[in-house]
Amino acid sequence: MKENRKPKTKTETPEELDTLAEERAEDSGERSIFSPRVAIALGAVVALVFIVYSLVSLSGIHSQIRERTEELDAIKDEITVQEIKNDSMSKTYNLTDSERSDYMERIARDELDFVKEGERVFVNVSGE
């Protein structure tokens with residue numbers, strides 16, 4: 001049986017560490033299936049898979065953000081239109097009595113085709 005080695009005071013190179021690991025495995029009757037190089041390679045593969053998964057996930061999240069941003073812009077446009085309508089209605093509501101009377105008359109004539117009593121309406125049938 002080989003003599004157990006005492007730790008060296010100097011730093012050992014990776015090749016020396018591999019050799020020591022193999023010697024210890026032979027001494028104990030076991031053979032390690034993972035050498036340090038295999039472990040590093042396996043770690044690199046796991047890291048690469050994690051990075052690819054992260055990129056795919058981020059891509060999906062980015063597309064969801066884009067969709068939500070478009071929805072938000074559409075809602076902001078609707079809000080702007082509604083605020084304009086509200087301002088118009090507010091102005092109409094706050095009219096004085098004489099302004100309200102003129103407004104109602106204009107609506108009755110233009111949109112409802114009403115006429116005043118005794119008023120004559122001439123219609124241009126030529127289309128011009």
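Arg109 is partly exposed, with a relative accessible area of 29%. In this predicted model, Arg109 forms a salt bridge with Glu119, and the closest N and O atoms of the pair are 3.0 Å apart. Arg109 belongs to helix α3 and Glu119 to the segment after α3, so the pair links distant parts of the chain, 10 residues apart. Glu119 is partly exposed as well, at 33% relative accessible area. Salt bridges with shared partners join Glu105, Arg109, Lys116 and Glu119 into one network.

**Salt bridges**

- Five salt bridges are found in a search of the whole structure.
- One of them pairs Lys116 with Glu105, with 3.6 Å between the closest N and O atoms.
- Because Lys116 lies in the segment after α3 and Glu105 in helix α3, this pair ties together parts that are 11 residues apart in sequence.
- Lys116 is partly exposed at 46% relative accessibility, and Glu105 is partly exposed with a relative accessible area of 31%.
- Another salt bridge joins Arg68 to Glu71, where the closest N and O atoms are 3.8 Å apart.
- Arg68 and Glu71 are three residues apart in helix α2, so about one helical turn separates them.
- Glu71 has a relative accessible area of 44% and is therefore partly exposed.

**Surface patches**

- With a relative accessible area of 53%, Asp77 is exposed, because the class begins over 50%.
- A nonpolar surface patch is made up of Phe50, Ile51, Leu55, Leu58, Ile61 and Ile65.
- Together, the residues of the nonpolar patch have about 620 Å² of accessible area.
- Ile51, one of the residues in the nonpolar patch, is also placed in helix α2.
- Ile51 has a relative accessible area of 48%, which makes this residue partly exposed.

**Backbone at Asp113**

- Asp113 has a positive phi of about 55 degrees, although this residue is not a glycine.
- Asp113 is found in the segment after α3, the helix of residues 97-110.
- The relative accessible area of Asp113 is 62%, and the residue is exposed.

Key: Residues are numbered from 1 along each chain as its sequence is written. This is a predicted model: local features need pLDDT of at least 70, side-chain atom pairs count only at pLDDT 80 or more; totals for chains, interfaces and linings use all residues. Side-chain values use heavy atoms; hydrogens and water are left out. Buried means under 20% relative accessible area, exposed over 50%, partly exposed in between (1.4 Å probe, protein chains only). Helices (H or I, at least four residues) and strands (E, at least two) are DSSP runs, numbered from the N terminus. Patches are made of residues with over 30% relative accessible area and no salt bridge: like charges are joined within 9 Å, nonpolar side chains (Val, Leu, Ile, Met, Phe, Trp, Tyr) within 5 Å. Accessible areas come from the Shrake-Rupley method with a 1.4 Å probe; for residues, only the protein chains shown count as cover. A salt bridge is a side-chain nitrogen of Lys or Arg within 4 Å of a carboxyl oxygen of Asp or Glu.
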